Amino acid sequence: MGAKYRIAVFASGNGSNFQNLLDATRSGELDAEIVLLVCDKPKAFVVERARQAGVECYLFDPKAYARRGDYEAEIAAELDKRQIDLVVLAGYMRLLTSVLVEPYAGRMINIHPSLLPAFPGKNAIGQAWEYGVKVTGVTVHLVDGGMDTGAVVAQAAVEITADDTLETLEAKIHATEGRLYPQVVSWFAKNRVRVEGRKVTILSE
């Protein structure tokens with residue numbers, strides 16, 4: 001048996017995707033270990049989720065630093081110390097600089113609640129709802145430092161039906177995230193992801 005695949009999750013809020021990933025590790029769906037939560041909001045509920053699960057937390061206040069690169073350098077040191085294989089952004093509400101992006105190029109992913117490149121940035125579900133599209137969805141992409149601009153790893157479509165409300169659409173999106181993200185992380189853990197420029201291929205098992 002080799003060493004467990006080691007994941008760090010970055011989150012800023014409730015932590016529903018953190019919980020989905022944690023549950024997947026416990027059920028065996030995801031053969032990996034969440035070894036660190038990185039959070040820029042020490043009072044966020046995701047911190048309580050991590051503590052209840054026995055996951056170590058690295059908490060920080062961005063306002064205490066002169067530059068973004070300063071706290072990112074500290075985070076990078078924490079990741080390096082723990083030999084992190086994959087960085088998983090799960091509702092982390094800050095753009096990253098090259099201080100973190102470059103060392104983890106190809107090993108840092110984010111989940112976004114739309115079919116990118118449509119509706120990047122904040123309130124993507126609301127953007128899709130207001131635009132009146134008939135199909136939206138969820139995207140998992142590599143992080144490149146831009147606003148939801150990295151190469152697409154996986155997408156799942158969600159149909160908007162005539163009887164949907166914004167609330168039911170949000171519920172469908174979140175349920176889709178809960179299925180897709182653990183699956184994609186599992187692909188990385190099994191070394192099934194190949195990246196060539198913007199083309200990402202998932203190898204068969």
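**Labels and their grounds**

Guide: Start with Gly15, found in the loop between S1 and H1. Helices (H or I, at least four residues) and strands (E, at least two) are DSSP runs, numbered from the N terminus. This is a predicted model, where local features need pLDDT of at least 70, side-chain atom pairs count only at pLDDT 80 or more, and totals for chains, interfaces and linings use all residues. Residues are numbered from 1 along each chain as its sequence is written, and side-chain values use heavy atoms, leaving out hydrogens and water.

Visitor: Why does Gly15 count as buried?

Guide: Buried means under 20% relative accessible area, exposed over 50%, partly exposed in between (1.4 Å probe, protein chains only). Gly15 has 7% relative accessibility, so Gly15 counts as buried.

Visitor: Which residues is Gly15 in contact with, leaving aside neighbours within four places in sequence?

Guide: Val46 and Arg49. Contact means heavy atoms within 4.5 Å.

Visitor: What makes Gly15 part of a "binding site"?

Guide: A record does. The UniProt annotation "binding site", from an unreviewed entry, covers Gly15, Ser16 and Asn17. Gly15, Ser16 and Asn17 also belong to the lining of the largest pocket. On a 1 Å grid over the protein atoms alone, a pocket is an open set of points where a 1.4 Å probe fits, with protein on both sides within 12 Å along at least five of seven lines; lining residues have an atom within 4 Å of a point. UniProt annotations may be inferred rather than shown by experiment.

Visitor: Why is Asn17 called buried?

Guide: Its relative accessible area is 9%, so Asn17 is buried. Asn17 is in helix H1. Beyond its neighbours within four places in sequence, Asn17 is in contact with Ala90, Ile111, Glu177, Gly178 and Tyr181.

Visitor: How do you know that the span of helix H1 agrees with what it should be?

Guide: The expected span is 1.5 Å times one less than the number of residues. H1 has twelve residues (16-27), so it should span 16 Å; the end C-alpha atoms are 16 Å apart, which agrees. Just after H1, Gly28 takes a positive phi of about 95°.

Visitor: What do the buried residues of H1 pack against?

Guide: Strands S1 (5-11), S2 (32-39), S4 (86-89) and S5 (108-112), along with helices H2 (45-53) and H6 (166-189). Phe18, Leu21 and Leu22 are among the buried residues of H1.

Visitor: What makes Phe10 and Tyr92 an aromatic pair, and of which kind?

Guide: Rings of Phe, Tyr and Trp (its six-membered ring) pair if their centres lie within 6.5 Å; planes under 30 degrees apart count as stacked, over 60 as edge-to-face and the rest as tilted. Phe10 and Tyr92 are 5.3 Å centre to centre with 75° between the planes: an edge-to-face pair. Phe10 lies in strand S1 and Tyr92 in the loop between S4 and helix H4 (98-101), so the pair ties together parts that are 82 residues apart in sequence. Both Phe10 and Tyr92 are buried. The structure holds five aromatic pairs. Elsewhere, ring pairs link Tyr58, Phe60, Tyr65 and Tyr71 into a cluster.

Visitor: Why do Cys39 and Cys57 get their accessibility labels?

Guide: Cys39 has 0% relative accessibility, so it counts as buried. Cys57 has 23%, so Cys57 counts as partly exposed.

Visitor: Why does Lys63 count as exposed?

Guide: Relative accessibility is 79%, so Lys63 counts as exposed. Lys63 is in the loop between strand S3 (56-59) and helix H3 (68-81).

Visitor: Why is Asn191 called exposed?

Guide: Its relative accessible area is 52%, so Asn191 is exposed. Asn191 is in the loop between H6 and strand S8 (193-196), and its phi is positive, near 60°.
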